[in-house]
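Hi everyone, thanks for coming.

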Amino acid sequence: MKKNTVKEVSPFWLYVVLGTLLLAAFLGSVSVGALKFSLWDALCHPSSGFSFILWDIRLPRALLGLLVGATLGLAGAAMQGFLRNPLAEPGILGVTGGAALGAVAVFYTGLISIFPMMLPIGGILGAFVSVILLYLFAGALAGIQTLILAGVAINVIAFAGTSLMLNLVKDPYAVLDIVFWQMGSLADRSFEHVFLILPFVLAGWCMLLWDGRALEALSLGEETALSLGISLGSLRTRIVLGAALCVGASVAVCGSIGFVGLIVPHLLRPLVGYRPGRLLGASALGGAVLILCSDIAVRMVPSLMELKLGVVTSLLGAPFFLFLIFRLRKKIL
Amino acid sequence: MPGVSKAEPSSSEPRDSGPQRIVSINLCTDELLLRLVTPDRVAGMTKFSDDPEVSTVAKLSQGVRKIPGNIESVLACEPDLVLGGRFNGKETLHFFRYSDIPVLIFDVAKSFEDIYGDIRRLADAVGERQKGERIIREMQEDLAELNPGTTHGVGPFQHPVLEGLNRAVFFQSDNYVPGEGTFENAVMEAAGFRNIAAELGIRDYGRIDLERLIDARPDVIIYSSEQRNSKTVRGEVLGHPAIKKALPDVRIVTIPTLYLSCGSPVSVEAVRILAKAARASPLGVGSSDSLREDS
């Protein structure tokens, strides 16, 4: 192994820095929008239009950005730790695609009109099926190629299913709506969306954060982990369920926002001394910062059509993915 | 003999001179066509044409053969005239450009002037010029009655009092709104509304940010019925709590989609619905009542 130029940072300072960045990004997110007004004015005049814009448009948007960003960062770090593979990421492995298919299926079949909660549930089921499929295809200790290929296959299946439904939808506006939703966005969401996914997201986070110690042990090898009293079966169940819960619910409301789970853990890994357990919390914070900053950028770029958040993260993430493959090429071949 | 031969064509000219096996592969040309010719001259039209939810000629098209609109189905009708829209059946129409069968392609109507132009063009092609002119005259009379301040629905509208006008926005999926140069804009102006999207500088279609919409304080939000009924992944189009809170007095007007999806003679109905809504508004009460007395 080559020497790393980036040194491990003490956990306390890492969390202080990431927390400060998160606070700044959150404040930035509620300050930026189509209209310019001072936050102070909006807070002082509770029944003005600006106040409604702040409390009912920008605040839920920033909160959703926080939830979704932390979810993606955390799920990416957890999957990388569990599969011991730096390219594992919900989007690349098809979990996001499966969740999108599940949500579109709920929407298309009209289940959503019975019970709004069906939307996140559909997303979670789709994500769950994807993770199970991934596991069946690739197994727990798959090499990088097998894992990525399995991800490609699942993505293709999910995409084909989604396209089939788009093909069969009668309402042309619904097609447009689904296509745009799939690009991933936080625009014009409300507190209803926040509360809709909050329980699932929190449950998923708990299951993933719980696994810090087990992932650390696993990084020493399966034998060592077993000898330390880690049950691999229950660890697997928690990772699969946890990732499905939080990623599925996030995708159901915000669409597919890719590559966050790839970029963030990779940047933070040297800072936590390559310890998969400590990477979890740091990646959650980092993911939230990345999404909030991207969402600010989306609103700052002057264009008639607002850029979609998922498009921006993909533009950032895809070259990053290529770069990682380039670096791993020696290992693969 | 010459007398007979002269009398023959004049009596039967409107019926027999034009094409007798017309095929239309676009709902909008279906509608125009059935208003100009009798159904027995139509050899084929779209499967949407007898759906009362989207077609305004559902009854008239009952006996006409419905075709999927691809090349083979059009050829099977042995047409002597093919009608299509700019964005519909592009490949099919391209194919027929190189055949002997005449093809008429209609652009999307963006104003009432465009509709008049389309009616005239089709009426000429099918040999029903007089009928076409009659339809246009009726539309112009109706529009003039609905908004007496305008010049017969021709050219730019002369608004009597711009300040008192209702400000409206026509909402579509994912905050898309029609701005200047769209047919929805023409309908809004004909009904005496000012289009907020046009005020904000949107040409054709653009996205209006929710924050800007609230800041613009529209008096009326217009929907097409289809949009109102269609659920979106993100919930109801205008279900956002911020709209309900910040714009408690905004009125919502729904226009049946079939009056708007094509520029056709029934688009006047869309103006009628809007004009009625404008008169019912607190802002427009004074001016519109006096206008009604005038007419």
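Before anything else, one term: when I say helix, I mean a DSSP run of H or I with at least four residues, numbered from the N terminus. And keep in mind that what you're looking at is a predicted model.

With that in hand, let's start at a single residue. A25(A) sits in helix α1 of chain A, the one covering residues 11–31. Is A25(A) buried or exposed? I count a residue as buried when 20 or more other C-beta atoms lie within 10 Å of its own. A25(A) has 22 other C-beta atoms within 10 Å, so it is buried. Who does it touch? Leaving out neighbours within four places in sequence, the contacts of A25(A) are V289(A), L292(A) and C293(A). On the other hand, take M118(A), which is 93 residues away along the chain: its C-alpha atom is 31 Å from that of A25(A).

Okay, zooming out to the whole of chain A. How many helices and strands does chain A have? There are 15 helices and zero strands. Its radius of gyration is 20 Å, close to the 20 Å that the globule rule gives for 333 residues, so chain A is as compact as a globular protein of that length. If you draw a box around its C-alpha atoms along the principal axes, you get roughly 60 × 50 × 35 Å. Of those 333 residues, 52% are buried. And if you take the contacts in chain A with a separation of 6 or more, 80% are between residues 24 or more positions apart.

Now pick out one helix, α7(A), residues 144–168. With its 25 residues, α7(A) spans 36 Å from first C-alpha to last, close to the 36 Å expected at 1.5 Å a residue. Its buried residues include L147(A), I148(A) and I154(A). What do the buried residues of α7(A) pack against? Their partners are α3, α4 and α6 of chain A.

Over to chain B. Here we get both kinds of element: 13 helices and 10 strands. Chain B has 295 residues, and 43% of them are buried. Among its contacts between residues at least 6 apart in sequence, 61% join residues at least 24 apart.

In general, nonpolar side chains in soluble globular proteins tend to be buried together. In this model, the largest nonpolar core has 181 residues, and those with the most contacts inside it include A78(A), A243(A) and V169(B). Helix α3(A) gives the most to this core, with 20 residues. Where does the core lie relative to domain 1 (2–107) and domain 2 (160–294) of chain B? Both domains give residues to it, so it lies between them.

For a close-up, look at A243(A): beyond four places in sequence, its contacts include A75(A), A78(A), V131(A) and L208(A).

Key. Residues numbered from 1 in each chain as written. Chains lettered and ligands numbered in written order. Predicted model: local features only at pLDDT ≥ 70, side-chain atom pairs only at ≥ 80, totals over all residues. Helix = DSSP H or I, 4+ residues; strand = E, 2+ residues; numbered from the N terminus. Buried ≥ 20, exposed ≤ 12 C-beta atoms within 10 Å, placed from the backbone. Contact = placed C-beta atoms within 7 Å. Rg over C-alpha atoms; globule rule 2.2 N^0.38 Å. Expected span 1.5 Å × (residues − 1). Core = buried A, V, L, I, M, F, W, Y, C linked by C-beta atoms within 7 Å. Domains from an automatic or database assignment.
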